Amino acid sequence: MNKTIAVTGAAGYIGSILVGRLLDAGYRVKALDRFYFGSDTLGRYANHPGLELKTIDIRDVTPRDLEGCWGVIDLAALSNDPSAELDPALTWEINEKGRIDLARCARSAGVERYVFSGSCSVYGAGGRAELSEDCALRPLTAYARAAANAEEAIRGMNRPGFATVALRNATVFGLSPRMRFDLVVNVMTLSAFENGRIVVTGGGKQRRPLVHVQDAARAFICALEGCDRGIGGDVFNIGLSNFRMVELSEVVREAIPTPVQVQFAPGGSDKRDYSVKFDKARDVLGFSAAVGVPEGVAEIHHALLANQVERGLVTKTVAWYSHIIQMQRMWSFGLVARSLAPTPAEPEPGLAARQVAISAAVARERPRAGAIGTLAALIGIVFGVEADYSDEYLGLAERIPRLAGAFEATLAGVI
Ligand SMILES: NC(=O)c1ccc[n+]([C@@H]2O[C@H](COP(=O)([O-])OP(=O)(O)OC[C@H]3O[C@@H](n4cnc5c(N)ncnc54)[C@H](O)[C@@H]3O)[C@@H](O)[C@H]2O)c1
């Protein structure tokens with residue numbers, strides 16, 4: 001099999017598992033990603049002859065980027081509610097308009113099959129019943145609204161020769177090379193590991209469907225390959241089963257071999273509460289989730305014990321995007337300050353990179369100390385202060401340019 005599949009968001013939590021599965025199944029993969037979380041997550045396949053990496057923002061993709069691709073699996077997005085709330089206009093630009101434009105590019109490029117990664121979040125506060133795909137959507141957030149709108153538009157593009165299918169994924173859990181410790185099972189497991197306790201907020205009665213990351217990746221391949229069975233234009237809930245948060249905390253607690261306390265705390269801004277049915281995926285797509293929550297918890301716990309899993313800032317999606325935005329602000333401020341400085345330092349290779357590293361070091365110590373960070377940046381530029389710069393921060397400087405474009409306007413106002 002030599003068909004090429006373009007996967008957007010390929011280096012992400014789901015993508016970095018999906019790419020491996022596609023390569024193992026004999027597909028060639030074109031991985032399109034802005035690599036906000038790095039590309040090391042695909043490192044296992046770095047020398048695979050079937051994998052091509054391309055650093056690109058989905059908003060810049062043209063039909064030429066998708067020429068020769070038989071299928072597209074569209075995963076790239078700001079991938080959760082809090083990240084999407086950082087800038088709802090930017091969320092619309094990437095998660096809705098960007099994804100619809102991408103599907104149009106795919107159609108123009110002659111792509112035959114298109115699978116859209118949507119979310120069960122579109123059900124919002126879903127009432128008591130288990131929801132099937134034809135139930136009304138009640139998206140509560142910018143993230144969920146963008147997912148609902150993009151899904152509808154892309155399903156509507158289904159035509160003979162261009163089959164589009166949408167998957168509404170449950171909340172995913174389990175181990176991935178791009179680890180996410182902002183997903184409920186993963187967070188509970190990390191908290192149990194680090195603190196010996198799981199904190200349940202919001203009362204614990206909220207229901208949520210879940211699916212393991214390996215199952216989620218498998219579902220994309222089922223959908224891609226199932227298009228010839230007349231499912232074009234259709235949508236499927238993808239998940240294992242539904243849990244109340246309080247039940248889930250017990251399942252996680254029991255899956256961990258050391259004593260863990262479950263505590264209840266007030267608060268919790270997440271208002272999602274719904275349970276969904278998965279029969280349609282089973283009956284029509286032939287997909288059933290197989291990996292249970294205890295197995296997912298055990299694999300994460302094992303990796304934590306063996307110190308084989310990243311658990312820093314980069315694994316908390318909204319914190320990482322906020323960090324990138326802060327870096328972007330400092331970077332822009334530094335460039336402007338350099339042009340305004342009365343005796344600008346001689347342009348010196350690497351100075352700007354060192355300045356980013358200085359700002360980053362300050363931001364790392366005092367995440368909200370933007371003023372101190374920018375002052376440090378200014379000192380770095382004017383006096384050429386040497387910094388202890390790490391690959392992590394220099395790599396970050398290369399990844400930031402597009403995400404925070406919307407914030408530059410704000411910054412310009414400040415200056
Ligand atoms: N993980 C879940 O629980 C879950 C549940 C439901 C739906 N989804 C959806 O599945 C998809 C993948 O989720 P994930 O958990 O792998 O997220 P992720 O954040 O780990 O990965 C998203 C990837 O998209 C890339 N990206 C973001 N904006 C981009 C842009 N403008 N251009 C190019 N690349 C960009 C990022 O660099 C990242 O590699 C998303 O669409 C998400 O909304 C995820």
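**Figure 1. The whole chain in this predicted model.** Of its 415 residues, 49% count as buried. Looking at contacts with a separation of 6 or more, 80% come from residues 24 or more positions apart.

**Figure 2. A view of the shell around the ligand.** Here you can find the 30 residues around the ligand, of which G9, G12, Y13, S79 and V172 come nearest. By residue class, the shell holds 14 nonpolar, ten polar and six charged residues.

**Figure 3. Inside the largest nonpolar core.** In soluble globular proteins, nonpolar side chains tend to be buried together. The largest core in this model has 104 residues, and V7 and V185 touch the most other members. Helix α5 (residues 142–156) is the top contributor to this core, giving eight residues. Zoom in on V185 and, leaving aside residues up to four places away in sequence, you will find it touching F173, L210, L248, V252, V293, G296 and V297.

Figure 4. Is A129 buried or exposed? A129 counts as exposed because it has 11 C-beta neighbours inside 10 Å, and the cut-off for exposed is 12 or fewer. Look also for Y274: A129 and Y274 are 145 residues apart in sequence, yet their C-alpha atoms are 8.1 Å apart in space.

How values were computed:
Residues numbered from 1 in each chain as written. Predicted model: local features only at pLDDT ≥ 70, side-chain atom pairs only at ≥ 80, totals over all residues. Near = placed C-beta within 6 Å. Nonpolar A, V, L, I, M, F, W, Y, C, P; charged D, E, K, R; others polar. Core = buried A, V, L, I, M, F, W, Y, C linked by C-beta atoms within 7 Å. Buried ≥ 20, exposed ≤ 12 C-beta atoms within 10 Å, placed from the backbone. Helix = DSSP H or I, 4+ residues; strand = E, 2+ residues; numbered from the N terminus. Contact = placed C-beta atoms within 7 Å.
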